[in-house]
Amino acid sequence: MQVRIDYGERGLMAEIPDANLRAVLAIRPAPRLANPAAAIGAALDAPIGTDSLGALASGRQSACIVICDVTRPVPNRLLLPPIVERIERSGIARESITILIATGTHRPNEGDELVALVGPAIARNYRVVNHLSQSPDAVRSIGVSPNGVPVALNRIYLDAELRVTVGLIEPHFMAGYSGGRKLVMPGVAAFSSVQRWHCPRFLESPLATNGVVEGNPVHAEALAIVRMAPPHMICDVTLDEANEIT
């Protein structure tokens, strides 16, 4: 049987002998948003558990918007324009807004790749910076987590008066699910902090797996670390197999 495997941008077809094929797992279908732009705007103006983005931005002088790198298909071209528009409308100058790419320990995203990540208008008009986890100048220590992990995070993120993360929720093979706290830890954490988190102490737990957050030490530790310097707003989406927002 011919099976399409998610690989690269276009996928990869593989021939699997019928005798070896038990099943093909796929994302459970979910309705797409009929009007994504309107839904995003409504969520930013009436979010769960916090004030509107405009109210959060009011009176502040700087903002850091943390986004995923190219390894995650987050629809930044839809999400970023209404976010920056509300932040600017609330009084934060464009030159005081930084879009920080949460590379974690991955390589930087630059050139055409960066433009594809955020869209030409954002790349042209806003400061977009890669997190560099192994650069001592890029991070600052903020203490030690309850489980003894030394925590250092990106200075731009820490120094911003308004912090917003933009991500994607999907099953994650050790943290249970992606999104939320993972944009900060490991997204904008120092390499040394990630090393102490990506270790047998946390990863060898049978609960450190897909779809599990209760009792998952990887999730719990990331959450504890993010609470040391939390974002003011989290904007996450869920996607279908075609990367359309559901």
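**Entry 1: cover over helix H1**

I looked up what lies over the buried residues of helix H1, and found that the cover includes helix H2 (53–57), helix H3 (76–89) and strand E11. I note here that I am working with a predicted model. H1 runs over residues 36–45, and Ile40, Gly41 and Leu44 are buried in it. I asked where these three sit around the axis of H1. They span an arc of only 100°, so they lie on the same side of H1.

**Entry 2: Cys235**

Next I went to strand E11, residues 233–237, which holds Cys235. Is Cys235 buried or exposed? Its relative accessible area is 11%, and the cut-off for buried is under 20%, so Cys235 counts as buried. I then listed its contacts, leaving out residues up to four places away in sequence. Cys235 touches Leu44, Leu79, Ile83, Thr165, Val166 and Gly167. Cys235 and Ala43 are 192 residues apart in sequence, but their C-alpha atoms are 8.4 Å apart in space.

**Entry 3: Thr165**

I followed the contact from Cys235 to Thr165. Thr165 belongs to strand E8, residues 162–168. Its relative accessibility is 0%, so Thr165 is buried. Which residues does Thr165 touch, beyond those up to four places away in sequence? I wrote down Val66, Gly180, Leu183, Val184, Pro231, Met233, Ile234 and Cys235.

**Entry 4: helix H9**

I turned to helix H9, residues 217–226. How many of its 10 residues are buried? I found seven, so H9 is mostly covered, given that buried means under 20% relative accessible area. The seven are Val218, His219, Glu221, Ala222, Ala224, Ile225 and Val226. I looked for what covers these buried residues, and the list includes strand E7 (150–154), helix H7 and helix H8 (200–203).

**Entry 5: two backbone notes**

I kept a general point in mind: most residues other than glycine have a negative phi, and most peptide bonds are trans. Then I checked two places.

- Met185 and Pro186 are joined by a cis peptide bond, with omega about 20°. Pro186 sits in the loop between strand E10 (176–177) and helix H7 (191–197).
- Asn243 has a positive phi, near 60°, and is not a glycine. I placed Asn243 in the segment after E11. Its relative accessible area is 39%, so Asn243 is partly exposed.

**Entry 6: the whole chain**

Last, I stepped back to the chain. I counted nine helices and 11 strands. Along the principal axes, the C-alpha atoms fill a box of roughly 65 × 45 × 35 Å. Why does the radius of gyration agree with a compact globule? For 246 residues, such a globule would have a value near 18 Å, and the chain has 19 Å.

I also noted how much is covered: 43% of the 246 residues count as buried. The chain exposes about 13000 Å², and carbon and sulfur atoms supply 53% of that. I then looked at contacts between residues at least 6 apart in sequence, and 70% of them join residues at least 24 apart.

The chain has 22 positive and 24 negative side chains. The centres of the two sets lie 3 Å apart.

Definitions and conventions: Residues numbered from 1 in each chain as written. Predicted model: local features only at pLDDT ≥ 70, side-chain atom pairs only at ≥ 80, totals over all residues. Heavy atoms only, no water. Helix = DSSP H or I, 4+ residues; strand = E, 2+ residues; numbered from the N terminus. Buried < 20%, exposed > 50% of the residue type's maximum accessible area, 1.4 Å probe, protein only. Contact = heavy atoms within 4.5 Å. Rg over C-alpha atoms; globule rule 2.2 N^0.38 Å. Areas by Shrake-Rupley, 256 points an atom, 1.4 Å probe, with all protein chains shown as cover. Lys, Arg positive; Asp, Glu negative; His and termini not counted. Charge placed at Lys NZ, Arg CZ, Asp CG, Glu CD. Arc of directions from axis to C-beta.
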